[in-house]
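These are my notebook entries on a single chain, written while I had its sequence and its model open side by side. I went through the pocket, the sheet and the charged pairs in turn.

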Amino acid sequence: MKPGEKARIISMPDSRRLNDLGLTKGTIVECVLKAPFGDPKAFRIRGAVIAIRSCDCGGIETEEIK
């Protein structure tokens with residue numbers, strides 16, 4: 001995702017860490033910032049901004065929200 005884009009999570013791996021961050025099926029996430037070299041990115045999730053590395057997001061499938 002690029003900054004400014006929104007998406008809804010449609011499937012994801014079973015990960016307690018991601019669940020603790022608020023990432024569950026159906027959650028809407030918005031990319032708000034990315035690091036100069038692209039990793040990590042900051043996402044708005046349920047009103048909080050959380051930085052997540054690409055390696056932690058592997059396996060998450062989303063659908064774009066326009």
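**Entry 1: the pocket**

I began with the terms: on a 1 Å grid over the protein atoms alone, a cavity is a set of points where a 1.4 Å probe fits but cannot get out, whereas a pocket is an open set with protein on both sides within 12 Å along at least five of seven lines, and lining residues have an atom within 4 Å of a point. Grid points are joined across faces, edges and corners, and a volume is the space filled by probe spheres set on the points.

I also noted the ground rules: the model is predicted, local features need pLDDT of at least 70, and side-chain atom pairs count only at pLDDT 80 or more, while totals for chains, interfaces and linings use all residues. Residues are numbered from 1 along each chain as its sequence is written, and side-chain values use heavy atoms, with hydrogens and water left out.

With that settled, I looked up the largest pocket and found a volume of about 260 Å³. Its lining includes M1, I9, L23, V29, K41 and F43, and I also listed I52, R53, S54, C57, I60 and T62 there. Sorted by class, the lining has eight nonpolar, two polar and two charged residues, where Ala, Val, Leu, Ile, Met, Phe, Trp, Tyr, Cys and Pro count as nonpolar, Asp, Glu, Lys and Arg as charged, and the others, Gly among them, as polar.

**Entry 2: the sheet**

For the secondary structure I kept to DSSP runs numbered from the N terminus, with helices (H or I) of at least four residues and strands (E) of at least two; two strands pair if DSSP finds at least two bridges between them. I then found an open sheet of five strands, ordered β4-β3-β2-β1-β5, with antiparallel pairing. Its edge strands are β4 and β5, each of which pairs on one side only. The twist from one strand to the next averages 40 degrees, with axes taken as lines fitted to C-alpha atoms (for helices, over the stretch in contact) and angles running from 0 to 180 degrees between N-to-C directions.

Going through the pairs, I saw that β1 and β2 run antiparallel and are joined by three bridges, with K6 standing opposite E30 in β2. On the β3 side, E30 has R44 as its bridge partner. Strand β2 (residues 28–34) and strand β3 (residues 41–45) are joined by five bridges, also in the antiparallel sense, and here K34 stands opposite K41. These two strands form a hairpin with six residues between them, and G38 in the turn has a positive phi of about 95 degrees.

β3 and β4 pair over five bridges, again antiparallel, and I45 has A48 in β4 as its bridge partner. Two residues separate the strands in this hairpin, where R46 takes a positive phi near 55 degrees.

**Entry 3: the salt bridges**

Which charged pairs did I find in salt bridges, and how many does the structure hold? Counting a side-chain nitrogen of Lys or Arg within 4 Å of a carboxyl oxygen of Asp or Glu, I have four salt bridges in the structure, and I followed up those of E63, R16 and R17.

The closest N and O atoms of E63 and R8 are 3.4 Å apart. This pair links distant parts of the chain, since E63 is in strand β5 (residues 61–65) and R8 in strand β1 (residues 6–11), 55 residues apart. E63 is partly exposed at a relative accessible area of 39%, and R8 is partly exposed at 31% (buried means under 20%, exposed over 50%, partly exposed in between, with a 1.4 Å probe and protein chains only).

R16 and D20 come to 3.6 Å at their closest N and O atoms. Because they are four residues apart in helix α1 (residues 16–20), about one helical turn separates them; both are exposed.

R17 and D56 form a salt bridge with 3.7 Å between the closest N and O atoms. Here R17 in helix α1 is linked to D56 in the loop between β4 (48–52) and β5, 39 residues away. R17 has 48% relative accessibility and D56 has 27%.

**Entry 4: loop residues**

P13 lies in the loop between β1 and α1 and is partly exposed at 34%. From P13 to C57 I noted 44 residues in sequence and 9.2 Å in space, C-alpha to C-alpha.
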